[in-house]
Amino acid sequence: APVFLDADILKETVNFQLLELGWVYPTFYSQLFYDLRDVMADATGTVRAEGLGVWAQDCTNTGFTLESREQLTTKLIILPKLFRRLADYLALDDSGGVDLGGFRAFLEAKADRLFTVPAGQATLLDTLVEQDGQDLRLTLPPEQLVFIEK
């Protein structure tokens, strides 16, 4: 039977509780109702400000220097979407290296479409990733990104 999910019911879900504890990242898609996204984004902002859960060590926005594949898989705490794009890119190089020389072009080719909130700017993920050699960072916090389904 159809279920109507409002903010009050959302707050009772395990997914919301994990978000509120900082144990998971938000990843929003355009088909999610904005009122639910706003509640989750507010909870994320609060828990990040408190430095709880993943936010205690997250370096998505502060930035990091990628030095090894082991570092990516066992030491860095970053937005899963960015992690997946890095892992996919590195998988193209069977030497085991981590040269990010072609990462920008790889992101551009992936063309992950999104819009930012509250600005409502339509853009692509590659425009929000700053790169200087092996140094990377996402310029906006995850809760301000709304990905468009492919």
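User: What radius of gyration does the protein chain have, and what would a compact globule have?
Analyst: This is a predicted model, and its protein chain has a radius of gyration of 16 Å. With 150 residues, a compact globule would come out near 15 Å, so the value agrees. The C-alpha atoms fill a box of roughly 50 × 30 × 30 Å along the principal axes.

User: Nice. How many helices and strands are there?
Analyst: There are six helices and seven strands. Along the sequence they follow the pattern α-α-β-α-β-α-α-α-β-β-β-β-β.

User: Let's look at two helices. At what angle do α5 and α6 pack?
Analyst: Helix α5 (residues 80-91) packs against helix α6 (residues 103-110) at about 115 degrees, and their axes are 10 Å apart. That makes α5 roughly perpendicular to α6. Their crossing is right-handed.

User: Which residues meet there?
Analyst: On the α5 side you'll find Leu82, Arg85, Leu86, Asp88 and Tyr89, and they meet Phe103, Phe106, Leu107 and Lys110 of α6. By class, this contact has six nonpolar residues, three charged ones and no polar ones.

User: Switching to strands: what order does the open sheet have?
Analyst: Its four strands are ordered β1-β7-β3-β4, with mixed pairing. β1 (28-29) and β4 (122-124) are at the edges with a single partner strand each, so one side of each has no neighbour in the sheet.

User: And how many bridges join β3 to β7?
Analyst: Three bridges link β3 (residues 113-116) with β7 (residues 145-147), and these two strands run antiparallel. If you want a spot to look at, threonine 116 stands opposite leucine 145 in β7.

Technical notes:
Residues numbered from 1 in each chain as written. Predicted model: local features only at pLDDT ≥ 70, side-chain atom pairs only at ≥ 80, totals over all residues. Heavy atoms only, no water. Axes fitted to C-alpha atoms, helices over the stretch in contact; angles between N-to-C directions. Parallel < 35°, antiparallel > 145°, perpendicular 65-115°, else oblique. Left-handed = near helix turned anticlockwise from the far one by under 90°. Contact = heavy atoms within 4.5 Å. Nonpolar A, V, L, I, M, F, W, Y, C, P; charged D, E, K, R; others polar. Pairing = 2+ DSSP bridges. Rg over C-alpha atoms; globule rule 2.2 N^0.38 Å.
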